[in-house]
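Have the structure open and follow along.

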Amino acid sequence: MKLAFIGLGVMGFPMAGHLQQAGHEVCVYNRNPQKAADWVARFGGAHADTPAEAAQGADMVMICVGNDDDVRGVVYGEQGILAGMKAGALLIDHTTTSAELAEELAGKAAGAGLRFIDAPVSGGQLGAENGALTVMIGGDEADVAEAAPVLAAYGKKVTRLGPVGAGQRCKMVNQICVIGAVQGIAEGLMIARKAGLDIPTLIEVLAGGAAQSWQLQNRAQTMAEGKFDFGFAAQWMHKDLGICLDEAKHQGLKLPLTEHVYQVYEKLLAEGYGRCDSTVVIKDLES
């Protein structure tokens, strides 16, 4: 299948690579053209000078960039994706965005004779590199069924949650659950340190009971050691939680834990920890 992949960050670079290795004909675009050239040198395929050029003739176009404005920046305009896509092609957004943007893109795509699904992912850089991401999708059933075999190149679990926007709302729930676990582990580790407990033994014990989680088993030890160079950056989690809080406000909900951790990240970003991974919240408790 002829594909285009727009955005070659820590997630997009390996994701696009999996598509090429699966036998698809992939053309990539990245704001930094050297990154696109590096991708071609590693995986083959081709790179283009604009999103529109990358999208020309593609059956499906995948996007994986930073935020709502970044998505609009590569989708709209004379050099944007919509200007280059052929009629009937499918646009797939892997960026974590607001659900409102997903619905906006679906409308713009339909107006241009195109199709759209929102498909944010979970699993971090390691999941992208290993082709083991969870893909949460909102969109028409037939469109999702068409995309699923292609997305399986990097998605261990590819699931439709409902109409356009449902994928993004599922990702919001995912992020809230993740930061709840991370904040709980951080607070628990503070007690463990004060009590003089052996952290590796503590983790082993907790992993056998109801406190077990991916975050506990994979990040508690690194958090305790003050190592924060493992995947998803604090600045991106801060962005994602802002999306969650906007959605909650729209739904008339209060999310006190999410609000608290959002403020913690805001403080940590101001202190220069934005590039650290999201478990850096423990620093707030240590200060």
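## Helix 4 against helix 6

At roughly what angle do the axes of helix 4 and helix 6 cross? In this predicted model, the axes of helix 4 (residues 68-75) and helix 6 (residues 99-111) cross at roughly 15° and come within 10 Å. Since angles under 35 degrees count as roughly parallel, helix 4 is therefore roughly parallel to helix 6. Their crossing is right-handed.

To see who makes this contact, look at Asp 68, Val 71, Arg 72 and Val 75 on helix 4, which meet Leu 101, Glu 104 and Leu 105 on helix 6. By type, the contact of helix 4 with helix 6 has four nonpolar residues and three charged ones, with no polar residue.

Is Phe 116 buried or exposed? Its relative accessible area is 5%, and buried means under 20%, so Phe 116 is buried.

Beyond its neighbours within four places in sequence, Phe 116 is in contact with Leu 90, Leu 91, Asp 93, Ala 102, Leu 105, Ala 106, Ala 109 and Val 164. One of these, Leu 105, also takes part in the contact between helix 4 and helix 6. As for Gly 23, 93 residues from Phe 116 along the chain, the two C-alpha atoms are 23 Å apart.

## Helix 10 against helix 11

Now turn to helix 10 and helix 11, whose axes lie 10 Å apart and which pack at an angle of about 160°. Angles over 145 degrees count as roughly antiparallel, so helix 10 is roughly antiparallel to helix 11. Here too the crossing is right-handed.

Helix 10 contributes Ile 199, Pro 200, Ile 203 and Leu 206 to the contact, while helix 11 brings Leu 216, Ala 220, Gln 221 and Ala 224. Seven of the residues in this contact of helix 10 with helix 11 are nonpolar and one is polar, with no charged residue.

## The nonpolar cores

Which members of the largest nonpolar core touch the most other members? Among its 32 residues, they are Leu 189, Ile 199, Met 223, Leu 241, Tyr 265 and Val 281. Helix 9 (166-195), helix 10 (199-206), helix 11 (214-224), helix 12 (234-250) and helix 13 (256-270) each give two or more residues to this core. The largest share, eight residues, is from helix 9.

Leaving out residues up to four places away in sequence, Met 223 touches Val 182, Ile 185, Ala 186, Leu 189, Arg 193, Phe 228, Thr 279 and Ile 282. A second, separate core has 30 residues, including Ala 16, Val 26, Cys 64 and Leu 151.

Technical notes: Residues numbered from 1 in each chain as written. Predicted model: local features only at pLDDT ≥ 70, side-chain atom pairs only at ≥ 80, totals over all residues. Heavy atoms only, no water. Axes fitted to C-alpha atoms, helices over the stretch in contact; angles between N-to-C directions. Helix = DSSP H or I, 4+ residues; strand = E, 2+ residues; numbered from the N terminus. Parallel < 35°, antiparallel > 145°, perpendicular 65-115°, else oblique. Left-handed = near helix turned anticlockwise from the far one by under 90°. Contact = heavy atoms within 4.5 Å. Nonpolar A, V, L, I, M, F, W, Y, C, P; charged D, E, K, R; others polar. Core = buried A, V, L, I, M, F, W, Y, C linked by side-chain atoms within 4.5 Å. Buried < 20%, exposed > 50% of the residue type's maximum accessible area, 1.4 Å probe, protein only.
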